[in-house]
Amino acid sequence: MSRVKQREDVFYRMLDQFGTELVRTSDLYLNVFDAYPDASDLIARMHEQEHACDACTHELMVELAQSFITPFDREDIVALTRALDGVADAMDNVATRLEIFHVNKMHPDAVRMAELTVKTVAQVKQMLDYLPDFKKDKRVGEVCKAISDLEDQGDTIYHSALSTLYVEDVDPLHALKWTKLFDKMEDGVDSCKEAATVVTNVIIKNA
């Protein structure tokens, strides 16, 4: 194996590990929604997983600072890493706010959004699995498109949830809490799409 290939593989392995940590985080995320309000232990584990994702971000940035050889443009590695970190941050923020806001009843559309987030993160992991062969493997672009389609589904759930929230005869404080929560949930899915957009741009640049 050439030295260039070895140096490129370091980044791909680190990105793949980031994807693995995101899948673990999203699985916990859905478990929080399924178990809530009896989810304090799961939320604590969510914080640990978010720290694991932060560690992936840090390691990638350190490696980037020390490397002259990268598999694609440095700015795209930074953008992809930040988007992946945004996915983890959004999920952790939602879990934290469930407790901060003293939410006492789970919203069914929130569960739907959490389920969609799990599906989208799984596609992000698939994208990262295919990424080392992005110059030859068309599946990378296909998965990027699938992530974009899932994000569109997330928008539909998000808008429907807000519409329902504001026509129900509910306490205004309840509506405010769930508006903020749904905003953060959408951020997670949006960050998945941002990661896919970065990879799509990488494919176009190297076509």
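**Close-up views of a predicted model**

Cys53 is buried, at 0% relative accessible area (buried is under 20%, exposed over 50%, partly exposed in between; 1.4 Å probe, protein chains only). This is a predicted model: local features need pLDDT of at least 70, side-chain atom pairs count only at pLDDT 80 or more, and totals for chains, interfaces and linings use all residues. Residues are numbered from 1 along each chain as its sequence is written, and side-chain values use heavy atoms, with hydrogens and water left out.

**View 1. Cysteines without a disulfide.** The count of disulfides (cysteine sulfur pairs within 2.5 Å) is zero. The closest cysteine sulfur to that of Cys53 belongs to Cys56; at 5.9 Å, it is too far for a bond. For Cys144, the nearest cysteine sulfur is in Cys192, 12 Å away. Cys144 is buried, at 4% relative accessibility.

**View 2. Helix H2, residues 40-66.** Helices are DSSP runs (H or I, at least four residues), numbered from the N terminus. H2 has 27 residues and reaches 40 Å from first to last C-alpha. Its buried residues include Leu42, Met46, Cys53 and Cys56.

**View 3. The salt bridge of Asp16 and Lys125.** A salt bridge puts a side-chain nitrogen of Lys or Arg within 4 Å of a carboxyl oxygen of Asp or Glu. Here the N to O distance is 3.1 Å. Asp16 lies in helix H1 and Lys125 in helix H4, so the pair ties together parts 109 residues apart in sequence. Asp16 is partly exposed, at 26%; Lys125 is buried, at 16%.

**View 4. The salt bridge of Lys145 and Asp149.** Their N and O atoms are 2.9 Å apart. The two residues are four apart in helix H5, about one helical turn.

Note on methods. The expected span of a helix is 1.5 Å times one less than its number of residues.
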